[in-house]
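This report describes a structure for a reader who has not seen it before. The sequence and the model come first, and the description comes after them.

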Amino acid sequence: MNSTVTNEVLVFKTNIRYKKDVSKIMPLLESDNRVMEWNVDQMDVDNVLRIASGGLHPTEVITMIQTAGYFCEELPD
Amino acid sequence: MRIRDEAKEKLIREKALEMIAKQGFEGLSMQKLAKAAGVSPATIYIYFKDRDDLILQLCKEEGTKMIEATFDGFDPEMHFEEGLSIQWKNRCRYWLENPMSGQFLEQVKHSPPYEAFFGQDKVFPRLMGHFMANAIAKKEVIPLPAEVYWSVAFAPLYQLIKFHLSGKGLGNRGPFVLDESKLEMTLFLVLKALKP
């Protein structure tokens with residue numbers, strides 16, 4: 001707990017709204033071993049996709065999610 | 001690599017607590033929270049996985065604080081009168097010093113994250129169970145169904161706190177302030193009702 005440094009956290013606004021949408025992007029994210037941990041905040045209006053990763057570039061994620069047919073935009077810091 | 005900033009995390013927690021205390025769960029969106037805390041939505045997600053995670057962590061933090069405050073200086077072996085008196089003072093002090101925390105816990109009561117925290121808490125049921133069993137065995141209090149007991153033992157206190165926090169008494173009687181003498185007066189009557 002309370003480690004001062006975390007894996008890099010990438011945060012995206014998406015329209016991954018329902019369970020079926022989450023299961024569609026699941027195989028894409030799980031097959032990339034730079035993705036340590038990920039989740040979609042389905043309780044919030046922005047359906048935020050949060051990825052803790054080692055060395056993944058935001059544009060790679062955007063391409064991946066758009067390929068699956070969803071809107072994806074990085075949330076600025 | 002992003003550096004965790006504890007001051008920022010604390011501010012996010014405070015603002016989220018305030019939003020839920022005032023408007024319930026529906027009042028909390030990450031966008032609104034980010035604006036209130038003066039951070040970007042992305043920053044919130046560094047500290048919290050999602051909205052549910054944030055709410056669960058708030059329940060844990062506030063629940064722990066409330067339990068610690070309630071049992072400050074309390075011993076379940078105490079005589080019923082002394083034990084209840086300490087609890088009244090503790091609960092009253094907690095509410096008056098942390099009205100936002102109190103209102104937060106009221107708002108989230110019986111929600112899944114609240115149940116997740118209080119369902120695993122062993123302190124509250126252990127201390128209160130021991131205290132009550134003891135007091136009943138020593139004939140210091142009459143045995144009652146839990147809800148009836150609570151409604152007599154604590155509901156009057158929370159009603160007085162509500163009057164105090166609203167600043168208004170009944171009707172047009174003007175401002176109401178819960179002072180020690182009013183607290184003692186009510187506690188006296190409650191104890192009278194609960195004694196065998």
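Residues are numbered from 1 along each chain as its sequence is written, while chains are lettered from A and ligands numbered from 1 in the order in which they are written.

**Confidence.** The model scores ipTM 0.79 and pTM 0.83. The predictor's confidence in each residue is given as pLDDT, from 0 to 100. Chain B has an average pLDDT of 93, and 98% of the residues score at least 70. Where pLDDT is low, the predicted coordinates should not be read in detail.

| Helix of chain B | Residues | Mean pLDDT among the elements of chain B |
|---|---|---|
| α7 | 112-120 | 89 (lowest) |
| α11 | 180-194 | 97 (highest) |

**Chain B as a whole.** Chain B holds 11 helices and zero strands; helices (H or I, at least four residues) and strands (E, at least two) are DSSP runs, numbered from the N terminus. Along the principal axes, the C-alpha atoms of chain B fill a box of roughly 65 × 45 × 25 Å. Of the 196 residues in chain B, 26% are buried. A residue is buried if 20 or more other C-beta atoms lie within 10 Å of its own, exposed if 12 or fewer, and partly exposed in between, with C-beta atoms placed from the backbone.

**Domains.** An automatic or database domain assignment gives the domain bounds, and chain B is divided into domain 1 (1-48) and domain 2 (62-194). The centres of these two domains, taken over C-alpha atoms, are separated by 30 Å. Five residues of domain 1 are in contact with six residues of domain 2 in chain B, where contact requires C-beta atoms, placed from the backbone, within 7 Å.

**Cores.** A nonpolar core is a set of buried Ala, Val, Leu, Ile, Met, Phe, Trp, Tyr and Cys residues joined through C-beta atoms within 7 Å. The largest has 44 residues, and F12(A), A16(B), I20(B), L33(B) and I44(B) have the most contacts inside it. This core takes at least three residues from each of domain 1 and domain 2 of chain B. A second, separate core of 10 residues includes L84(B), W88(B), M132(B) and A153(B). Leaving aside residues up to four places away in sequence, A16(B) touches L28(B), L33(B), L54(B) and L58(B).

**Helix α2.** In helix α2 (residues 30-37) of chain B, the buried residues are M30(B), L33(B) and A37(B). They lie on the same side of α2(B), because they cover an arc of only 60° around the axis; the arc is that of the directions from the helix axis to the C-beta atoms. Their cover includes α1 (6-23), α3 (41-47) and α4 (51-70) of chain B. Just after α2(B), G38(B) has a positive phi of about 70°.

**Residue S166.** S166(B) belongs to helix α10 (residues 155-166) of chain B. S166(B) is exposed, because 10 other C-beta atoms are within 10 Å.

**Between the chains.** 17 residues of chain A are in contact with 17 residues of chain B. On the side of chain A that touches chain B, strand β1 (residues 8-14) of chain A gives the most, with three residues.

Methods:
Predicted model: local features only at pLDDT ≥ 70, side-chain atom pairs only at ≥ 80, totals over all residues. Contact = placed C-beta atoms within 7 Å.
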